[in-house]
Amino acid sequence: MQYLLSLILIGTLTLQTFAADDPPVLKSEFIYETAPFPSCHASTIVETKKGLVASWFGGTHEKHPDVGIWVSRHLDGAWTTPVEVANGVQPDGSRHPSWNPVLFQPASGPLMLFYKVGPDPRTWWGMLTTSTDGGVTWA
């Protein structure tokens, strides 16, 4: 019990120090004002050597086949126009929705974008694409 109280006290003091010295939200802004998709969801953001990169899935609505993975980069104080970097187009030409992007920048190596493709969560599968230039182009 004393261990738990010590953790709570340390956590409280840490939060008070953090809140007083360094606010957790440094800036709040929109990445885009208009986009070629009416709905988006599941955003992710990462810091690369070239700046911030954000990603999300966007399309008509969740589960719609036109849902793809979109990316925007923060350059010179502004966000770039969103670009679709992955979609669920299959070798036979059919298309499935894309879901839940996760960006990851390892200490060395390319920027990684993990996401899912498939008609629904019961049948989707994992995908990975990478960028060696900070999110400008994707493999």
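## Accessibility and the position of Ala-35

A residue is termed buried under 20% relative accessible area and exposed over 50%, with partly exposed in between. In this predicted model, Ala-35 has a relative accessibility of 28% and therefore counts as partly exposed. Ala-35 is placed in the loop that runs between helix H1 (2-21) and strand S1 (39-48). Its C-alpha atom lies 9.2 Å from that of Gly-58, and the two residues are 23 positions apart in sequence.

## Nonpolar cores

The largest nonpolar core comprises 14 residues. Within this core, the residues with the most contacts are Val-53, Ile-69, Leu-103, Leu-111, Leu-113, Tyr-115 and Trp-138. At least two core residues come from each of strand S2 (51-59), strand S3 (68-75), strand S8 (98-104) and strand S9 (111-117). The greatest contribution is that of S9, which supplies four residues. In soluble globular proteins, nonpolar side chains tend to be buried together.

The surroundings of Leu-103 can be described in detail. When neighbours within four places in sequence are left aside, Leu-103 is in contact with Thr-44, Ile-45 and Val-46, among others. Its contacts also include Val-53, Ala-54 and Ser-55, as well as Leu-111, Met-112, Leu-113 and Trp-138.

## The sheet S8-S9-S10

An open sheet is formed by three strands in the order S8-S9-S10, with antiparallel pairing. S8 and strand S10 (125-131) are the edge strands, each pairing on one side only. On average, neighbouring strands in this sheet are turned by 20 degrees against each other, with direction ignored.

Between S9 and S10, the antiparallel pairing extends over seven bridges. Thr-130 in S10 is the residue that stands opposite Met-112.

## Thr-129 in strand S10

Thr-129 belongs to strand S10. Its relative accessible area is 5%, which is under 20%, so Thr-129 is classed as buried. A polar atom of the Thr-129 side chain lies 2.7 Å from the backbone oxygen of Ala-139.

Thr-129 touches Leu-111, Met-112, Leu-113 and Tyr-115, together with Trp-138 and Ala-139. Of these partners, Leu-111, Leu-113, Tyr-115 and Trp-138 are among the residues with the most contacts inside the largest nonpolar core. Leu-111, Met-112, Leu-113 and Trp-138 are also contacts of Leu-103.

Terms used:
Residues numbered from 1 in each chain as written. Predicted model: local features only at pLDDT ≥ 70, side-chain atom pairs only at ≥ 80, totals over all residues. Heavy atoms only, no water. Buried < 20%, exposed > 50% of the residue type's maximum accessible area, 1.4 Å probe, protein only. Core = buried A, V, L, I, M, F, W, Y, C linked by side-chain atoms within 4.5 Å. Contact = heavy atoms within 4.5 Å. Pairing = 2+ DSSP bridges. Axes fitted to C-alpha atoms, helices over the stretch in contact; angles between N-to-C directions. Polar contact = N/O pair within 3.5 Å; in protein donor to acceptor, adjacent residues only side chain to side chain.
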